[in-house]
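Trainee: I am new to this structure. Please take me through the terms and how each one is applied.

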Amino acid sequence: MNIVEAIEKRKSVRGFLDQEIPREVIDKILQISSRAPSGSNTQPWKVYVISGEFKRNFSDNFIQYRIDYPKDETPQYQYYPTKWREPYLGRRRATGWGLYGILGIQKGDREGAFKQQLKNYNFFGAPVGIFFTIDSDMEIGSWLDIGMFIQNVMLVSRNFGLETCPQAAWVYHHQKVRELLPIPENETLVCGMAIGYENKEEVANQFITGRESTSVFAKFFGYE
Ligand SMILES: Cc1cc2nc3c(=O)[nH]c(=O)nc-3n(C[C@H](O)[C@H](O)[C@H](O)COP(=O)(O)O)c2cc1C
């Protein structure tokens with residue numbers, strides 16, 4: 001697949017077909033993705049892949065846990081700013097309401113929003129779930145590196161006809177993730193990811209996000 005097409009057509013998919021992915025395919029995607037650059041070639045990424053019966057039990061257990069304990073817990077790291085401001089607040093709202101709008105979830109419909117949120121914990125029906133971790137003593141530079149690796153996973157997946165959804169939703173419940181998966185305490189859960197074949201009939205997948213133009217985020221110097 002052409003790299004520009006892989007980037008431009010990538011989107012977060014929130015509904016997958018119930019179609020297994022062979023282990024060799026996931027292994028290949030990860031191996032290729034590990035060509036990502038990293039400071040001094042430190043390759044700080046660690047990966048946990050779950051599938052089949054293991055993934056089914058994992059998700060069933062997790063969804064029941066979220067129903068029993070619906071409150072967000074303390075994340076292991078702060079993803080978002082503690083105080084939202086423009087332009088980020090506006091972009092965030094546009095994304096949230098855009099997705100909920102397509103799904104028919106009205107403002108104030110907490111039950112509808114929670115139901116949609118819960119789908120994260122089944123990896124939106126994907127046959128495979130991935131968790132990315134990093135040793136907790138690694139610094140911000142290494143977080144750049146793992147970000148590049150994760151982006152590679154999303155793009156390389158597309159070459160194999162697979163789509164993805166990166167998921168910070170797990171980060172708020174990393175202790176529960178650790179109960180079900182042997183992730184050592186000295187590793188930080190960076191994010192999860194759903195990976196599978198897109199269910200084109202899923203309404204949520206019609207949602208396409210916009211991007212600012214370069215005139216908003218780039219400054220050029222030395223051009224006439
Ligand atoms: C690290 C990371 C975590 C994310 N976590 C979630 C998540 O938990 N649930 C979800 O539905 N989408 C999640 N997203 C998807 C974003 O909402 C999405 O990337 C953004 O709205 C842009 O849309 P696009 O990916 O379709 O281009 C996450 C994205 C990133 C990069």
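Mentor: Start with contact, which means heavy atoms within 4.5 Å. Leaving aside its neighbours within four places in sequence, Glu-198 is in contact with Lys-11, Val-13, Gly-15, Phe-16, Leu-17, Glu-163 and Asn-205. This is a predicted model, where local features need pLDDT of at least 70, side-chain atom pairs count only at pLDDT 80 or more, and totals for chains, interfaces and linings use all residues. Residues are numbered from 1 along each chain as its sequence is written, and side-chain values use heavy atoms, with hydrogens and water left out.

Trainee: Why does Glu-198 count as buried?

Mentor: Buried means under 20% relative accessible area, exposed over 50%, and partly exposed in between (1.4 Å probe, protein chains only). Glu-198 has 14% relative accessibility, so it counts as buried.

Trainee: Why is Ile-7 called partly exposed?

Mentor: The relative accessible area of Ile-7 is 44%, so the residue is called partly exposed. Ile-7 lies in helix 1, residues 3–9; helices (H or I, at least four residues) and strands (E, at least two) are DSSP runs, numbered from the N terminus.

Trainee: What makes a polar contact between the side chains of Glu-198 and Lys-11?

Mentor: A polar contact is a pair of N or O atoms within 3.5 Å; within protein, one must be able to donate a hydrogen and the other to accept it, and residues adjacent in sequence count only if both atoms are side-chain atoms. The two side chains make such a contact at 3.0 Å.

Trainee: Which polar atoms lie by oxygen or nitrogen atoms of the ligand?

Mentor: A polar backbone atom of Ala-168 is 2.7 Å from a ligand nitrogen. Polar side-chain atoms lie by ligand oxygens as well: one of Arg-211 at 2.8 Å, and one of Thr-209 at 3.1 Å.

Trainee: What makes a set of residues a nonpolar core?

Mentor: The set must consist of buried Ala, Val, Leu, Ile, Met, Phe, Trp, Tyr and Cys residues joined through side-chain atoms within 4.5 Å. The largest one here has 25 residues, and those with the most contacts inside it are Ile-21, Phe-132, Phe-149, Ile-150 and Ile-195. Helix 6 gives the largest share of this core, six residues. A second, separate core has 20 residues, including Ile-50 and Phe-62.

Trainee: Which residues does Ile-150 touch, leaving aside its neighbours within four places in sequence?

Mentor: Ile-150 is in contact with Phe-132, Val-190, Cys-191 and Met-193, with those neighbours left aside.
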